[in-house]
Amino acid sequence: MRLGYNTNGFAHHRLEDALTILADLGYQSVAITLDYRALNPFDDQNKEQVRSCRSLLQKLKLHSVIETGARFLLDPWRKHQPTLVSRDAFACEKRLDFLRRAVDLAEELGSDAVSFWSGARGPEVDAATAQRLLVEGCQSLCEHAEKRQVRLAFEPEPGMLIVTMEQFAKLHSLVGHPRFGLTIDIGHLHCLGETPIADHLRQWRDWLWNIHIEDMRQGVHEHLMFGEGEIDFAPLLRTLREIDYDGGVHVELSRHSHDAVETARRSLAFLQALPQ
């Protein structure tokens with residue numbers, strides 16, 4: 001496994017500076033959240049930034065995954081909209097187009113995976129329709145990912161259509177594609193009471209391609225600095241070693257950008273100090 005950090009926690013830094021800082025601190029992987037200032041896939045002028053980013057990742061010996069959770073990239077008025085389960089077909093296609101572009105970027109950068117989620121179901125969409133739209137969207141994205149030889153790591157997320165591991169298991173079966181794997185967020189599992197967390201890590205070991213990590217309290221979806229929540233991390237990292245997980249374990253503290261460098265430094269020190 002490789003300890004990493006999500007660039008959504010460096011929102012006030014240039015991407016190139018964030019990558020350099022994280023590598024200098026000792027991180028081995030980075031989760032790059034695509035946004036206006038970070039490899040915006042809708043910017044026709046970003047080709048040079050993509051080439052520069054790939055070169056820098058190689059120079060710094062950083063692995064990467066592509067994250068697609070930017071809050072207002074697709075709609076400046078509504079957070080995380082549109083989604084794969086939006087009522088309007090044009091809106092769904094806008095999200096799907098974004099995800100295809102993320103896959104293309106992952107191929108160019110040599111990233112380990114593209115991480116994404118379902119989005120929330122609005123009251124205007126019934127549950128059966130939302131499920132159908134999601135499965136169809138994921139299958140379409142898998143076809144594109146197959147052409148690019150890129151893996152997809154789907155994340156169950158509180159507040160979205162797919163929240164629990166049980167719901168993900170059903171979706172995984174319905175999508176039924178070898179490119180369709182899993183992002184597990186350690187804090188989300190604890191928040192939702194989906195414990196023991198280690199059991200999920202073992203169950204999905206063959207499909208587990210990305211991990212988010214932060215502290216959290218049960219019943220409260222708030223990403224906390226390590227030591228401020230309730231999670232016992234040492235047994236979880238031991239489990240990841242036991243199952244030979246070789247992907248990134250990315251710290252996700254998007255609301256700590258005001259103190260990004262020190263937060264990243266403290267996070268790595270915490271994780272490295274855990275008993276093995």
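Predicted model: local features only at pLDDT ≥ 70, side-chain atom pairs only at ≥ 80, totals over all residues.

Student: Why are helix 3 and helix 4 called roughly parallel to each other?

Tutor: Their axes cross at roughly 25° and come within 10 Å. Angles under 35 degrees count as roughly parallel, and therefore helix 3 and helix 4 carry that label. The crossing is also right-handed.

Student: Which residues of helix 2 and helix 3 meet?

Tutor: From helix 2 come Val50, Cys53, Arg54 and Leu57, and from helix 3 come Leu105, Glu107, Glu108 and Leu109. Contact means heavy atoms within 4.5 Å. By class, this contact has 5 nonpolar, no polar and 3 charged residues.

Student: And which residues of helix 3 meet helix 4?

Tutor: On the helix 3 side they include Cys92, Leu96 and Leu99, and on the helix 4 side they include Leu133, Gly137 and Leu141. This contact has 7 nonpolar, 3 polar and 4 charged residues. Gly137 is part of it, and Gly counts as polar.

Student: Now the pockets. How many residues line the largest pocket, and which lie nearest its centre?

Tutor: The lining has 46 residues, and Asn8, Gly69, Arg71, His80 and Ser254 lie nearest the centre. The volume of this pocket is about 960 Å³. By class, the lining divides into 16 nonpolar, 19 polar and 11 charged residues. Strand 9 gives the largest share, 4 residues.

Student: What volume does the second largest pocket have, by comparison?

Tutor: About 210 Å³. Among its lining residues are Pro41, Asp43, Lys47 and Val50. Helix 2 and helix 3 each give two or more residues to this lining, and helix 3 supplies the largest share, 4 residues.

Student: How do its lining residues divide into nonpolar, polar and charged?

Tutor: There are 3 nonpolar, 1 polar and 6 charged residues. Asp, Glu, Lys and Arg count as charged, so Asp43, Asp44, Lys47, Arg101, Asp104 and Glu108 of this lining belong to that class.

Methods: Residues numbered from 1 in each chain as written. Heavy atoms only, no water. 1 Å grid on protein atoms, 1.4 Å probe; cavity = no way out; pocket = protein on both sides within 12 Å on 5 of 7 lines; lining within 4 Å. Points joined across faces, edges and corners; volume = space filled by probe spheres on them. Axes fitted to C-alpha atoms, helices over the stretch in contact; angles between N-to-C directions. Parallel < 35°, antiparallel > 145°, perpendicular 65-115°, else oblique. Left-handed = near helix turned anticlockwise from the far one by under 90°.
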